[in-house]
Amino acid sequence: MHSVIIADDEKWIVEGIKAGVNWNKYGFEVIDDAENGQEALNLIQSLHPTLVLTDIKMPVMNGLELIQRGKAVAPDTIFIVLSGHAEFAYAQKAMNYGTYGYCLKPFEIEEIEGILNRIAQQLKSKTVKEPPVSNHTYELYEAVCSGDHEQITQWLDEKRVPLSRSTPHIPIVIQGLGSPIEVGPTSSLVFPMSRRRYGYLLEESQYDTFLQILEQANAARECGIGIGPPISDIHQLDASLESASLAAFSMFATGKPGCYLGNQPVENPIDEKLKEISQLLQNKDRLGFIAAMESIKKLFREGIFTIKEAYLLYTSILYLFPREGARVSGRFFEGYEQLYYRYGTAEAMIDDLVLMTLDTFRERYEADTSQISNKKVKEILLYIRDHFNQEISIQHLANHFYLSPNYLCQLFKKEVGETIVEHISRLRIECACKLLVETDLSIYQIGEKCGFHDYFYFTRIFKRHLKMTPTQYRDKNQ
């Protein structure tokens, strides 16, 4: 058996690889794992494994340094990079350090097993060689990302791609391709930007022909195709390519594949939306939070928000919740593509964020109850929570807790910050939202289960809180 060490600070990734890969089939066995680069280096020094799978971003010592130092102490150890960097710069750099290969997160188990199979075959012959470099290298895209105009010029000259005012070119990005679509013997350039994203640089005169090729390949029905503004100078390439990239991700925002024109950056109200969400969190307003997220869905569907705003929204909410003293079950992503492959559409991402925060609001409600200083009010809150879907009145509460109705109302408003009626209505509407999404009960049945025994009163209160009817809310969340 060939020995394997996995180095990654995300434990769930390590356990997923351990359990998902059929190691025995290819003659490998995982003997240990490490959560940081230094720990992994110590294991390499003592165990001299056949193979190390390592992340790039790790605490104490990063993956690049681990590969360099690991090669020094164990020259025969083979390294594979598990990279979460969407732009490939670090993964490509690791290849220069003698790495056998790399898998980009989110990776597929079959991809890792394919590399293991190749290594196993080469180990049989006692010679492990790096796989041949693909004709489609990432050097051009790296040069664009880093602003290396000299390298870009060299590439264009080598590929005989003239770029001038007399021969303007159009950058096109296709998201969702397993392999590049061949353009043919034309003055054009194709280059990979990630595992399933390819860039093209076409002469403007070839644009219509290329669209016909994409149509024949059914690409517009399955992929997101972004078209950047025409350029005549390499200094324009970065901005135009970025515009095409965001346009290619439009199918994430709108939920529809097809061709999208890249536009000049416009000021979107994402900052205002994030401020609104932050305020709703501070106010512990779950219903307001749901309504705000529903309004954001519309902005994505209309193409006003792009995957850039989706990434900001997702990351900000995961940041805002811990800041407000709560935790959610989501994880941070390192690039647009991870978000894209995790959710597929912005609407699915928003639905997950809402579900992700359901327990957080509930826990916060319990925490607020435990922090109420007045013991009597705390008892009232807990009683309401257990009976809000039943007939409950201020007189009933006053009798139950031996208080006068006036004193009860004043005390409750002072301690809780809202009236008893407002509090009960909010709990009932929250319950209704959950049942509308998670059950097939009729609107009338849901109203009854939540304490509304009048259908029209239920719909009126629901619309007052969420600015939509229960039926509209269900339709939007199906």
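Student: Which residues in H2 meet which ones in H3?
Tutor: Gly-37, Gln-38, Ala-40, Leu-41, Ile-44 and Gln-45 in H2 meet Leu-66, Arg-69, Gly-70 and Val-73 in H3; contact means heavy atoms within 4.5 Å. The residues of that contact divide into five nonpolar, four polar and one charged, with Gly counted as polar. Heads up: this is a predicted model, where local features need pLDDT of at least 70, side-chain atom pairs count only at pLDDT 80 or more, and totals for chains, interfaces and linings use all residues. Residues are numbered from 1 along each chain as its sequence is written, and side-chain values use heavy atoms, leaving out hydrogens and water.
Student: OK, at what angle do the axes of H2 and H3 cross?
Tutor: Roughly 15°, and the axes of H2 (residues 37–47) and H3 (residues 63–73) come within 10 Å. H2 and H3 are therefore roughly parallel to each other, a label for angles under 35 degrees.
Student: Switching topic, which residues in H2 are buried?
Tutor: Gly-37, Ala-40, Leu-41, Leu-43 and Ile-44 are buried in H2, with buried meaning under 20% relative accessible area (1.4 Å probe, protein chains only). They cover an arc of only 160° around the axis, so they sit on the same side of H2.
Student: And what do the buried residues of H2 pack against?
Tutor: Strands E1 (2–7), E2 (28–34), E3 (51–55) and E4 (78–83), plus H3. Helices here are DSSP runs of H or I with at least four residues, and strands are E runs with at least two, numbered from the N terminus.
Student: How many helices and strands does the protein chain have?
Tutor: The protein chain has 24 helices and ten strands.

Note on methods: Axes fitted to C-alpha atoms, helices over the stretch in contact; angles between N-to-C directions. Parallel < 35°, antiparallel > 145°, perpendicular 65-115°, else oblique. Buried < 20%, exposed > 50% of the residue type's maximum accessible area, 1.4 Å probe, protein only. Arc of directions from axis to C-beta.
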